[in-house]
Amino acid sequence: MTTYNVALNFEDGVTRVIQCDDDEKVTDAAFRQKINLPMDCRDGVCGTCKCFAEKGEYELEFYMDESMSDEEAEAGYVLTCQMIPESDCVLRVPASSAICKTAPEAVEGEVLGVDRLSETSFGLRVKMAKSLGFLPGQYVNVTVPGTASHRSYSFSSAPGADEATFLIRNLPGGVMSSYLGDRAQPGDAVTLTGPMGAFYLRPVDRPQLWLAGGTGLAPFLSMLEQVAEQGSDHPITLYYAVTRAADLVELNRVNALAEKIGTVTVITILAAEEDANERKGFVTDHVTAEDLNDGNCDVYLCGPPPMVDAVRAHFAKLGVEPANFYFEKFNPTEAEAVAA
């Protein structure tokens, strides 16, 4: 029997991945896995279970006009009580995870190692007790061993991998940075809780413009891993902007994935005047209207708030609005949640 993975993205940012048999309806599969999707009739009549399918192939057995119009069905809306997946799918659920009586999943893990990638960043490798289903670009809360604290980081590893990796900025005096730099040992116990976040890769149906600031590269590494596995004919332009040349961590991995995919252009930008690089300054000094393909492109941006705000203002100045613009802001501070 074939089993498909169905990612349920709730409106509060929580994602749960369920397994659905090839002859099973999504609401039945969710209920079997203790997730109560909104539902009243189970017959395609009331429309209570209406969701939006962002990705995947499926069959809708039946629906009435009162529950969903043909135009909605053509646009990608589904009734989960009538939806039978024919591939892995991603559904946007217009309800909170709490209402559906579920929550982020907590998975135990152990530290495999810490790599000091530069003076400003660490690489953390964690072996998970079980695979944690997530979409490339999403983040989890990671406990800091020896403390009561956790921090939030985007996966830099491929979805489905038993080993999770994270790209973490070195913040002097920071709770996680102090652990990684001073006392981390292989075998230390950690808990990963999630996944969460609405910043994740959608189907690549048009040219892509990806903008990474510093350790905001992490989610793009996960995205590249998935595109390398699934393939894509659409061009992807990745701008990777950092302060100094030493901060261009994981560049070999980026270039290797780009070469494997074949349609990826990698452009690096350095802000520091003293370091040599073909492009200097900031992303907004280099992104052009041509990069936006007259608006026929999807833009993904992960970086600090000033970068996000500057890019949005730059697009307005260029007078070009992308088809879709997804962004994740993160603050390089000792806040409770740092998105990348």
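A hairpin of two residues links strand S8 to strand S9; helices (H or I, at least four residues) and strands (E, at least two) are DSSP runs, numbered from the N terminus. This is a predicted model, where local features need pLDDT of at least 70, side-chain atom pairs count only at pLDDT 80 or more, and totals for chains, interfaces and linings use all residues. Residues are numbered from 1 along each chain as its sequence is written, and side-chain values use heavy atoms, leaving out hydrogens and water.

**Around strand S9**
- S8 (residues 105-118) and S9 run antiparallel and pair over eight bridges; two strands count as paired if DSSP finds at least two bridges between them.
- Look across from glutamate 110 and you'll find lysine 127 in S9.
- S9 also pairs with strand S12 (residues 163-169), again antiparallel, over seven bridges.
- Here valine 126 has alanine 164 in S12 as its bridge partner.
- S9 (residues 121-128) is mostly covered, with six of its eight residues buried (buried means under 20% relative accessible area, exposed over 50%, partly exposed in between, using a 1.4 Å probe and protein chains only).

**The largest nonpolar core**
- In soluble globular proteins, nonpolar side chains tend to be buried together.
- The largest nonpolar core has 30 residues; such a core is a set of buried Ala, Val, Leu, Ile, Met, Phe, Trp, Tyr and Cys residues joined through side-chain atoms within 4.5 Å.
- Trp210, Leu217, Phe220, Leu224, Leu238 and Tyr300 touch the most other members.
- Elements that each supply at least two residues include strand S14 (208-213), helix H5 (251-261) and strand S17 (298-303).
- Helix H4 gives the most, with seven residues.
- Setting aside neighbours within four places in sequence, leucine 224 is in contact with Trp210, Leu238, Val254, Leu257, Ile261 and Val264 (contact means heavy atoms within 4.5 Å).

**A buried histidine in a loop**
- Histidine 286 sits in the loop between S16 and S17.
- Histidine 286 counts as buried because its relative accessible area is 17%.
- Not counting residues up to four places away in sequence, histidine 286 touches Tyr239, Ile269, Arg279, Lys280 and Asp291.

- Valine 45 lies in the loop between helix H1 (26-32) and strand S3 (50-55).
- With a relative accessible area of 37%, valine 45 is partly exposed.
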